[in-house]
Amino acid sequence: MQQAVSGMTRRSGVSRRALLGMACIWAVAPQAVLAAAGARPRLVTLFQGATDTAVALGVMPVGVVESWQDPPVYPYLRAALCDATLVGLETQPSLEDIVMLQPDLIVASRFRHEKIAPLLTRIAPVIMLEDVYRFHDTLASMARALGKRPAADWLESQYAARIVALRARLAVTLAPHWPMTVSLIDVRADQIRSYLPASFGGEVLSALGFRWNATARQASGVMLKLGGVESVSAIDASLFFVMRHSNSPAVTAHYERLIHHPLWQRLAAPCHGQVVPVDTVAWSLSGGMLGVFAMLDDIEHWLDRREVQS
């Protein structure tokens with residue numbers, strides 16, 4: 001799984017690349033961990049956000065589930081996870097493979113793994129998170145169990161500092177149009193998904209000061225599923241961050257049909273050239289603090305381009 005980790009140097013705060021480098025240092029530093037685990041707990045993570053969080057905390061899992069895209073694991077984690085063992089899919093982890101790894105701790109999600117929780121607890125102690133996308137909760141729970149609170153506090157402080165700095169930069173660069181309304185869109189082969197303020201990416205955009213249209217504010221849950229182009233009025237906003245769910249021909253064809261449709265072109269963001277393509281892994285699938293820092297990197301680079309063009 002060895003692969004160089006890509007990253008970008010930021011003017012303020014720490015980048016994802018820097019975080020990954022620091023995680024390697026934390027991994028070999030003395031640490032207070034589970035009483036029975038010794039200095040390096042044997043950790044198995046059963047959802048993507050837990051895997052991202054473990055690496056950010058400097059605890060390299062012995063077992064991970066396969067990534068949703070670019071298997072076996074996301075490219076930005078391959079160097080850190082070169083010695084990890086795959087234990088199946090997030091939706092169907094292999095209990096046999098987990099047993100063979102003799103873990104000290106398993107991190108799972110009630111959303112994904114509630115039915116197998118009794119079996120998991122017979123293998124090792126289990127942290128059972130409610131959701132897979134609440135990155136602050138995942139970080140706090142894992143840090144508490146692994147004795148990594150100082151590392152978690154540092155990560156949260158870096159996140160807060162970057163949010164403050166980037167929010168101020170957005171207000172200056174986008175004036176007099178700030179705060180802008182935003183939609184976070186995932187184009188799939190057969191549908192469009194609009195992620196809401198409570199979603200993984202939506203929480204970060206809200207923290208930065210972006211606003212949401214009335215449909216998004218009034219909706220519950222983490223996303224809306226739109227079946228066809230006739231529903232795109234529900235995502236109308238001043239700015240679109242757009243993910244393509246994959247590089248498959250079906251997704252590409254759907255995206256091309258969408259952006260050339262008159263109903264799409266009448267929306268505010270396309271009409272004013274405010275459609276920004278972003279990485280699906282960082283903005284939706286990563287689920288942890290390293291993914292969040294990659295999102296912030298992307299927004300800073302978008303602002304860089306705007307400032308050069310202005």
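How many cavities of 30 Å³ or more does the structure hold? It holds one. The views below come from a predicted model, in which local features need pLDDT of at least 70, side-chain atom pairs count only at pLDDT 80 or more, and totals for chains, interfaces and linings use all residues. Residues are numbered from 1 along each chain as its sequence is written, and side-chain values use heavy atoms, with hydrogens and water left out.

**View 1. The largest cavity and its lining residues.** The volume of this cavity is about 30 Å³. On a 1 Å grid over the protein atoms alone, a cavity is a set of points where a 1.4 Å probe fits but cannot get out; a pocket is an open set with protein on both sides within 12 Å along at least five of seven lines; lining residues have an atom within 4 Å of a point. Grid points are joined across faces, edges and corners, and a volume is the space filled by probe spheres set on the points. Q48, T51, V64, V65, S67, V73, Y74, L77 and L81 line the largest cavity. Six of the lining residues are nonpolar, three are polar and none is charged (nonpolar: Ala, Val, Leu, Ile, Met, Phe, Trp, Tyr, Cys and Pro; charged: Asp, Glu, Lys and Arg; polar: the others, Gly among them).

**View 2. The largest pocket, with about 580 Å³ of space.** Its lining has 25 residues, and R112, V132, Y195, S284 and L285 are the closest to its centre. Two or more lining residues come from each of helix 2 (48-57), helix 4 (110-113), strand 7 (192-195), helix 8 (200-207) and helix 13 (280-285). Helices (H or I, at least four residues) and strands (E, at least two) are DSSP runs, numbered from the N terminus. Helix 13 gives the most, with three residues. The lining divides into 12 nonpolar, eight polar and five charged residues.

**View 3. The second largest pocket, of about 250 Å³.** Strand 9 (239-244) and helix 13 each supply at least two residues of this lining. Among the lining residues are Q69, D70, R244, Y255, D279 and V281. By class, five are nonpolar, four polar and three charged.

**View 4. The open sheet of five strands, in the order 8-7-6-9-10.** Its pairing is mixed, where two strands pair if DSSP finds at least two bridges between them. Strand 8 (223-226) and strand 10 (275-277) are the edge strands, each pairing on one side only. From one strand to the next the twist averages 25° (axes are lines fitted to C-alpha atoms, for helices over the stretch in contact, and angles run from 0 to 180 degrees between N-to-C directions). Strand 9 and strand 10 pair in the parallel sense over three bridges. F241 stands opposite V276 in strand 10.

**View 5. The aromatic cluster of W178, F210, F241, W283 and W302.** The structure holds eight aromatic pairs (rings of Phe, Tyr and Trp, its six-membered ring, with centres within 6.5 Å; planes under 30 degrees apart count as stacked, over 60 as edge-to-face and the rest as tilted). The W178 and F210 pair is edge-to-face because the ring planes stand at 80°, with the centres 5.0 Å apart. This pair links distant parts of the chain, 32 residues apart: W178 lies in the loop between helix 7 (149-173) and strand 6 (182-187), F210 in the loop between helix 8 and helix 9 (214-218). W178 and F210 are both buried (under 20% relative accessible area, with exposed over 50% and partly exposed in between; 1.4 Å probe, protein chains only). F241 and W283 form a tilted pair, 4.8 Å centre to centre and 35° between the planes. F241 in strand 9 and W283 in helix 13 are 42 residues apart, and both are buried.
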